[in-house]
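Keep the 3D view open while you read, and look up each residue as it comes along.

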Amino acid sequence: FHIEVRGEMIMENKRVKLYYWLFLLIGSFTIGVSSGYYHWEKWIKYLVFAIWLIILMWLLIGINFLWYKKLSKELSNMSRILVEEGNVELFLEENDRLLKDKKSKQLQSIYKINQSVACCYKDEFDIAEEYLEQVVPKSLIPVSRAVYFADLAWVKMNLGKIQEAVVILHEHEKLLSDMRKVDETLDTLLLMMEVKESIFNKDFEKAKLTFSEVKEREIPYNEKDIRKLECELQEGTSLQ
């Protein structure tokens, strides 16, 4: 199914580009021939050419808008593969297909964030950190930037760099606070880090209270992390 859909989408993109270039060539040729045959005055030529350029520009903008809209939908579906199904390999395949060859800084940043997320799922936090260090945060829209800083802090915590992670969270507290309201996955991740920070500060009552809220958000994607977090909380509590 995925192979068939993938093939159809690639063919559709190629057709749209082909139609645009055919329209551009045929239209330009027709205007050029008409201007010579009918001996248009200069002002008419300039007017027609200006209108023609505006039409081409708006068509190109429209095509790019539809492409980004379709890409956003595909990325959303791709996220569900990991969050709802926990299928890391398929997630990585889709990430490569959709983003690996894109030249945009924003899309390359999203590609690296996705790679790091998959690494986290496989407990490869050192590799995840390497991917995240290559990201350009300024190239991202606010919600993606919030995800980036949260992921970076999460990776740091899992590498034992708790204080570095806390600094990241505090530096970007306003952005994370705003974006967690519209992204439940981000909100859950931030709650999990609040538990880790509370354990680090030996505030186990607060850790238990926050963890109870985290436990209610358990899904295939974060089930393993929540179990590990529960073990950390139990170990910390037993050492009191």
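This is a predicted model: local features need pLDDT of at least 70, side-chain atom pairs count only at pLDDT 80 or more; totals for chains, interfaces and linings use all residues.

**Starting from Glu-129**

Skipping the neighbours within four places in sequence, Glu-129 is in contact with Val-155, Lys-156, Leu-159 and Lys-161.

**Is Glu-129 buried or exposed?**
- Glu-129 has a relative accessibility of 10%, and anything under 20% is called buried, so Glu-129 counts as buried.

**The chain as a whole**
- Take the contacts between residues at least 6 apart in sequence: 58% of them join residues at least 24 apart.

**Helices α6 and α9**
- Helix α6 (residues 142-158) packs with helix α9 (residues 184-200) at an angle of about 30 degrees, and their axes are 10 Å apart.
- An angle under 35 degrees counts as roughly parallel, which means α6 is roughly parallel to α9.
- The crossing of α6 past α9 is left-handed.
- On the α6 side, the residues that meet α9 include Ala-146, Val-147, Trp-154 and Met-157. On the α9 side you'll find, among them, Leu-186, Leu-189, Met-193 and Lys-196.
- Sort the residues of this α6 and α9 contact by type and you get 11 nonpolar, one polar and three charged.

**Helices α9 and α10**
- The axes of α9 and helix α10 (residues 204-215) come within 8 Å, crossing at roughly 160 degrees.
- Angles over 145 degrees count as roughly antiparallel, so that's the label for α9 and α10.
- Here too the crossing is left-handed, with α9 passing α10.
- From α9, the contact uses residues including Leu-191, Met-192 and Ile-199, while α10 brings in Phe-204, Phe-211 and Val-214, among others.
- The residues of the α9 and α10 contact split into eight nonpolar, two polar and three charged.

**The nonpolar cores**
- The largest nonpolar core has 57 residues, and Tyr-148 and Met-193 are the ones that touch the most other members.
- Which residues does Tyr-148 touch, not counting those up to four places away in sequence? They are Ile-113, Leu-132, Val-135, Pro-137 and Leu-140.
- Another core, of five residues, lies apart from the largest one, and Tyr-20, Leu-24, Ile-31 and Leu-56 are among its members.

Conventions: Residues are numbered from 1 along each chain as its sequence is written. Side-chain values use heavy atoms; hydrogens and water are left out. Buried means under 20% relative accessible area, exposed over 50%, partly exposed in between (1.4 Å probe, protein chains only). Contact means heavy atoms within 4.5 Å. Axes are lines fitted to C-alpha atoms, for helices over the stretch in contact, and angles run from 0 to 180 degrees between N-to-C directions. Helices (H or I, at least four residues) and strands (E, at least two) are DSSP runs, numbered from the N terminus. Angles under 35 degrees count as roughly parallel, over 145 as roughly antiparallel, 65 to 115 as roughly perpendicular and the rest as oblique. A crossing is left-handed if the near helix is turned anticlockwise from the far one by less than a right angle, and right-handed if clockwise. Ala, Val, Leu, Ile, Met, Phe, Trp, Tyr, Cys and Pro count as nonpolar, Asp, Glu, Lys and Arg as charged, and the others, Gly among them, as polar. A nonpolar core is a set of buried Ala, Val, Leu, Ile, Met, Phe, Trp, Tyr and Cys residues joined through side-chain atoms within 4.5 Å.
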